[in-house]
Amino acid sequence: MPDDIKLKIDGHEINVPEGTTLLQAANSIGVSIPSICYHDHCKPNAVCRTCVVELEGARVLAASCVTKVSEGMTVYTQTDRVNRSQRTILEMLNSAVDLSDAPEIMEMLDDYSTNSERFTSGNEREISIYDDNPMYIRDYSKCVLCWRCVQVCADDAQYTYAINFSGRGYETQISTFFDRTLLESTCVFCGQCVGVCPTGALKAKREWLLECGYSPEETMFTERNAP
Ligand code: SF4
């Protein structure tokens with residue numbers, strides 16, 4: 001058994017096994033920390049930075065999904081600095097990404113009283129829908145680049161490696177090799193990526209056709225493209 005580590009989170013003294021992350025430690029006592037990229041079945045990767053916390057004596061905020069507990073640590077999850085950082089990340093995401101199909105993130109926007117006018121000069125991502133196979137559509141204008149789909153396509157589940165990041169900075173996007181169609185990639189259409197996507201950027205083709213106004217009977221023919 002790993003040794004117990006004693007630490008304090010928001011004034012609560014707790015003991016947790018060595019190797020526990022701050023996010024897990026907080027959750028174990030009912031302290032909720034928001035996160036977007038974190039998923040219970042994926043390796044944490046600290047991509048979104050919404051799960052940051054303040055550590056006594058540390059200069060910078062720490063991503064709680066990847067920071068392990070250590071003896072005597074004092075952690076704060078609700079300081080002004082933490083809240084300001086989380087709110088700013090959400091406001092920036094909201095300025096660039098279509099979050100209309102991401103109910104959990106929309107709820108966070110409300111919880112943090114975000115200001116949708118703060119970054120109005122930012123460019124909203126406008127990327128054409130990839131409708132290149134009978135199983136799923138990919139709408140990267142709704143993608144928050146959480147990396148979950150890439151992880152489950154790779155070492156966290158499927159070992160297929162059909163997709164990964166491409167581009168840099170604002171142009172960063174999830175893509176296949178050389179932006180080929182999914183049919184030309186190593187994709188086996190297992191659906192793991194669709195299952196973990198938090199924003200509706202990846203969607204079953206039938207669901208999408210229904211949203212486009214087709215009848216359930218018509219959606220049987222998923223090779224059909226939407227109007
Ligand atoms: S497509 Fe979905 S799962 Fe993949 S990075 Fe974008 S938001 Fe995350």
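**Terms and values**

Reply: Happy to. Cys143, Cys146, Cys149, Cys197 and Ala201 come nearest to the ligand, out of the 14 residues around it; a residue is near a molecule if its C-beta atom, placed from the backbone, lies within 6 Å of it. Keep in mind that this is a predicted model, in which local features need pLDDT of at least 70, side-chain atom pairs count only at pLDDT 80 or more, and totals for chains, interfaces and linings use all residues. Residues are numbered from 1 along each chain as its sequence is written.

Me: What classes of residue does the shell around the ligand have?

Reply: The shell has 12 nonpolar residues, one polar and one charged. Ala, Val, Leu, Ile, Met, Phe, Trp, Tyr, Cys and Pro count as nonpolar, Asp, Glu, Lys and Arg as charged, and the others, Gly among them, as polar.

Me: Why is Arg180 called exposed?

Reply: Arg180 has 12 other C-beta atoms within 10 Å, so it is exposed. The rule says buried for 20 or more other C-beta atoms within 10 Å of the residue's own, exposed for 12 or fewer, and partly exposed in between, with C-beta atoms placed from the backbone. Arg180 lies in the loop between strand S8 (173–175) and helix H5 (192–196). Helices (H or I, at least four residues) and strands (E, at least two) are DSSP runs, numbered from the N terminus.

Me: How many of the protein's residues are buried?

Reply: Buried residues make up 33% of the 227 residues.

Me: How do you know that S3 and S4 pair?

Reply: Two strands pair if DSSP finds at least two bridges between them. Strand S3 (residues 52–55) and strand S4 (residues 62–63) have two bridges, so they pair, in the antiparallel sense. Val53 stands opposite Ala62 in S4. Six residues lie between the strands of this hairpin, where Gly57 takes a positive phi near 85°.

Me: What joins S3 to S5?

Reply: Two bridges again, with S3 and strand S5 (residues 74–76) running antiparallel. In S5, Val75 is the bridge partner of Leu55, and Tyr76 is the bridge partner of Glu54.

Me: What makes S2 and S4 edge strands?

Reply: The open sheet has five strands in the order S2-S1-S5-S3-S4, with mixed pairing. Strand S2 (12–17) and S4 each pair on one side only, and these are the edge strands. Helix H2 (residues 80–96) lies across S3 and S5, at about 160° to S3. Such angles run from 0 to 180 degrees between N-to-C directions, with axes fitted to C-alpha atoms, for helices over the stretch in contact.

Notes
Contact = placed C-beta atoms within 7 Å.
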